[in-house]
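Hi,

Here is the structure I promised to pass on. Have a look, and my notes follow below.

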Amino acid sequence: MFAPRKYSRPRRCIFYILAFVICQLFFVFLFIRNGSYDNKAFSHQPLHHESESRKHFLEYREFISKTPQSCTTRSYNLPPPWQSDVSVVISFHNEARSMLLRTIVSLLRRTPEEYLHELILVDDGSQDVTLLDDLRRWMEEVFGGRMDRLGLILLKNQKRMGLIWSRNKGASLAEGHYVLFLDSHCEVNDGWLEPLLERLELNPQLAVSPLLDPIDPTTLSYRKGNELLKGGFDWSLHFHWLKRQLAKKELPEMAYKSPAFAGGILMMSREWFLQLGSFNSQLKIWGGESIELAIKLWLCGGQIEIVPCSRIGHIFRRLHAFDFPPQLDQQLSPAQETYLHNSKIIAESWLDEYKNMFYALRPVARRIPLDHTYDEMQRLRRERQCQPFEWYLRHVSPELRIHFDELSATGTLRNEDRCLHARQSDSQLILASCYLSDITQWRMLRTSGQLSTQRELCLGVGHRMGITLQPCGRNETTRNSQRWLRLGTHFLHAETHLCLDNPLKERLEMSTCRSHAVSQSFQFALEMDAS
Ligand code: UD2
Ligand code: MN
């Protein structure tokens with residue numbers, strides 16, 4: 001039997017020191033090999049505490065969703081860099097330093113150097129006054145000689161100008177062949193650029209979006225996004241993800257056409273962007289600009305694709321990370337008013353007669369003042385021989401067209417001076433001011449005769465003639481109890497042959513139809529079939 005060997009004290013010390021050094025070397029090796037900076041490494045570290053950040057690098061954990069295998073194993077047909085280099089424009093307002101760094105570091109690490117012409121950062125009136133100087137110093141320290149070859153433009157708006165103005169400003173200074181607009185809280189993934197360049201090379205009037213992977217706003221971990229979604233919008237001009245149907249033999253990772261961008265992260269030829277008049281400069285602060293650009297592109301000869309082999313992580317937040325500047329309207333929040341203002345400009349500039357659909361759903365937009373005319377946009381439409389909006393419905397977004405076609409009337413439902421409202425908190429039916437900012441927008445479905453809210457609740461008649469609001473029925477029985485016929489402005493319930501009535505001006509009832517009863521007269525904001 002062996003007795004445990006006894007080491008002398010100095011020899012034991014040397015052993016521990018050696019073991020410690022080997023461990024450290026192993027971690028450093030791991031870090032260098034992975035060549036990636038973890039977001040945690042930066043979380044809320046002031047930039048000048050470089051050594052602190054380095055200590056955190058050792059906590060490196062990998063949680064990146066990798067680009068699909070079939071994308072990484074193939075090689076891309078790329079044009080030479082002098083014909084296809086990129087200017088990246090990032091505008092930000094009060095962004096966390098850690099997030100800005102994550103965006104910039106991943107961009108510099110994961111973009112082939114010869115294709116990244118320049119980085120244009122626009123600080124849109126952030127309160128952090130030393131941010132840009134710190135950023136420049138830090139990038140020079142960390143990326144050294146690389147910074148001599150990369151164009152770096154740092155701009156500061158002393159007064160907040162908004163995202164749209166700032167992105168336009170950045171693009172007007174850009175010199176690269178392509179321009180990419182990026183949010184300030186992103187992480188570009190390995191090989192993000194090559195698939196985009198390959199697609200753009202095929203068609204100079206194409207604009208592309210990567211597939212957006214969600215970064216969790218709390219844990220900051222990177223998750224895999226969904227390849228089966230397209231970008232689109234509804235008649236209120238709100239962005240929505242739409243289902244993508246795979247054609248026969250189409251693989252999920254193949255580039256696909258999309259009615260709108262994946263949010264606001266997009267890349268296109270800089271010259272083409274400028275020819276289209278950039279982002280509409282009448283739009284204020286935040287919102288709608290990528291929807292406007294999407295409509296403009298499609299109608300004026302361009303196309304949009306989402307390219308799933310290119311992946312960019314983005315923090316999707318439920319609430320805005322910043323305040324909106326105060327606006328005039330007392331009843332709307334500044335964020336609501338700004339968004340409505342921008343949507344109204346889009347509707348007036350591009351939607352032709354379909355703008356009535358927008359106003360029917362967003363009646364408050366009517367009272368938002370605009371301080372300009374649409375001449376400029378009309379000139380662009382004439383000069384570039386852009387198609388009418390009808391063309392977009394026919395060729396680009398059947399979803400939007402179907403929503404239009406399946407309705408016979410829509411918008412608020414007015415009875416005398418009040419509107420029928422399904423209260424959000426408890427789904428109670430009440431008669432409320434037509435100017436409530438969230439006043440219910442009703443939809444009269446052409447074939448089923450159902451009267452539905454946007455949350456798919458339908459008006460029905462139940463037990464003891466009680467008027468109810470229930471999930472819209474798909475089977476025969478529920479459908480029958482939710483079917484309405486329209487006699488002029490009256491709503492006749494198909495099963496009971498009684499009419500919707502508001503005799504006491506505050507409570508709905510079912511009663512015998514009387515053709516001249518004002519209390520039985522309900523008007524939609526928009527009748528689709530009216531000529
Ligand atoms: C989306 C888009 C975003 C843009 C926006 C509507 C994605 C992933 N992002 O919203 O690109 O199209 O919709 O305009 O779909 N910012 C400024 N100045 C301001 C306000 C914001 O520079 O006054 C910056 C902000 O710091 C950020 C970027 O604009 O980097 C986009 O803002 P966001 O991230 O709040 O917008 P998001 O992701 O909800
Ligand atoms: Mn964002």
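How far from an oxygen atom of ligand 1 does a polar side-chain atom of aspartate 183 lie? The distance is 2.7 Å, a polar contact (a pair of N or O atoms within 3.5 Å).

Some ground rules: this is a predicted model, where local features need pLDDT of at least 70, side-chain atom pairs count only at pLDDT 80 or more, and totals for chains, interfaces and linings use all residues. Residues are numbered from 1 along each chain as its sequence is written, chains are lettered from A and ligands numbered from 1 in the order in which they are written, and side-chain values use heavy atoms, with hydrogens and water left out.

Back to ligand 1. Aspartate 124 puts a polar side-chain atom 2.7 Å from one of the ligand's nitrogen atoms, and a side-chain N or O atom of histidine 314 is 3.1 Å from an oxygen atom of ligand 1. On its own the ligand has 740 Å² of accessible area (Shrake-Rupley method, 1.4 Å probe), and the protein covers 89% of that.

Then there's the manganese ion (ligand 2). Its donors (N, O and S atoms within 2.8 Å of the metal, or 3.2 Å for Na, K and Ca; water is not among the atoms, so sites may look incomplete) come from Asp183 (OD), His185 (NE2) and His314 (NE2), at 2.2 Å. Along the chain they are spaced D-x1-H-x128-H.

Histidine 314 turns up at both ligands. This residue counts as buried (under 20% relative accessible area, 1.4 Å probe, protein chains only) because its relative accessible area is 9%.

Cheers

Notes. A polar contact is a pair of N or O atoms within 3.5 Å; within protein, one must be able to donate a hydrogen and the other to accept it, and residues adjacent in sequence count only if both atoms are side-chain atoms. Buried means under 20% relative accessible area, exposed over 50%, partly exposed in between (1.4 Å probe, protein chains only).
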